[in-house]
Structure formats: structure tokens, C-alpha cells
Amino acid sequence: MKPINSSELLSKLKADSLFLLEQIENISNHTPLELLESNNGRGGWNTIQVLEHLNSYYRYYLPRIERLIDDSTPGPDPLFRPGILGNYFTQTMQPKNGRVANKMKAMKNHSPSTDLDAKAVITEFLQWQRLLPLLIDRSEKVNLNRIKVPISIAPFFKMKLGDVFGFMVAHNNRHWVQIENLLERYPVLQPS
């Protein structure tokens, strides 16, 4: 894999994270909950379920990442070298031209219930989404290549911190496309 400038990578990941935060804050303030709780009519997830799915990843990853950053010694590497699997996972998740090319089934422990408290899900999501860019900022001081994070589907396997951030943001981008598609049925409510 070709090395990437660490600061540029983190800057892009932070910008994408702040964009999603802004969009979901806007949606939570201007969209009736009953619309966020309705799906596409074909049995797919609704917006609240999508956010709960993202919460399940945040519950697993963000506390671990925070501990690993806290426990690491400062000393960033100016270049991040994506791992083969980390790069593959990130590229597989990332939407292309605003579209999700490949459908995937969520792992059981990341599949949302149909019975959710919408306000609680949104509140939790916004808390996590505010933490993510802060952790990305804090990771400027550590080595993205050396810190290894156990992955949620197989904790015995670890990926580089830079790959985990890349995967998480690509995964968020993927589900943002899903949310946009759900909400486009209500053009008046489109986020500005």
C-alpha cells in the first residue's frame, strides 16, 4: 500500500465526521420522529435503525480507541501505511460517486432492533459523533501505524488505528447515503 500523509488523512477523516455531525444535528432538529422511524417500505432499516447500527460500532470502538491513545506514548509518524486488510475494508465500505455499490448484511451484534427509543438513539449518536473528531484530533500526536485496535467482528484480530478510523468514516459515509435515500422521499425535509 502506498503511504499517506498522516496529517492529511486525519484532516479528511475529521472533515467527513464533522459533516455527518452537522447533517444529523440538522435532521434531528427539523425532521419529525415519525419520518425518521419509517423505512422505505421494502423492509429496510429506517433512519433511527441506521443510527443505532452506527452507535453499536461507536460503543465498541471509541472507548477502546480513547484508552489506546491515552496509553500510548506521543510520537506521530508523518506517514501512514494502510494495512492490506484495513485498506480493503475501508475501500469496500466507501461509497463511490454518492452510491453504495455492494450490499452487505450487518453482523448480528450490529443489527438494530425494530423497537428503539428514537430520541435516545439520536442523543447517543450525537454524543459519539462529537467524540469521534476529538479522538481524530488527539491521534495527531500518536503513531497511527503502531496503535493496534481489536476489530469488533473478531477481537483477536487487530488493525492499525489509521485503518480503523478510515473504516469507521467510510462506514459512516456509506450509511449517510442510506439516510439520504430514506429522506429524499420527503424533499421538504432535505438537510441544507
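A pocket is an open set of points on a 1 Å grid over the protein atoms alone, where a 1.4 Å probe fits, with protein on both sides within 12 Å along at least five of seven lines; its lining residues have an atom within 4 Å of a point. This is a predicted model: local features need pLDDT of at least 70, side-chain atom pairs count only at pLDDT 80 or more, and totals for linings use all residues. Residues are numbered from 1 along each chain, and side-chain values use heavy atoms, without hydrogens or water.

**View 1. The second largest pocket has 17 lining residues.** Leu-9, Leu-13, Thr-90, Gln-91 and Gly-166 lie nearest its centre. H1, H4 and H6 each give two or more residues to this lining. H6 provides the largest share, 6 residues. Helices here are DSSP runs of H or I, at least four residues, numbered from the N terminus.

**View 2. The largest pocket is lined by 35 residues.** Closest to its centre are Lys-103, Met-104, Arg-174, His-175 and Gln-178. H3, helix H4 (84-93) and H6 each supply at least two lining residues. H6 gives the most, 8 residues.

**View 3. Helix H6 is largely enclosed by the rest of the structure.**

**View 4. Leu-62 touches Trp-128, Leu-131, Leu-132, Leu-135 and Met-168 (heavy atoms within 4.5 Å).** Residues up to four places away in sequence are not counted.

Methods
Buried means under 20% relative accessible area, exposed over 50%, partly exposed in between (1.4 Å probe, protein chains only).
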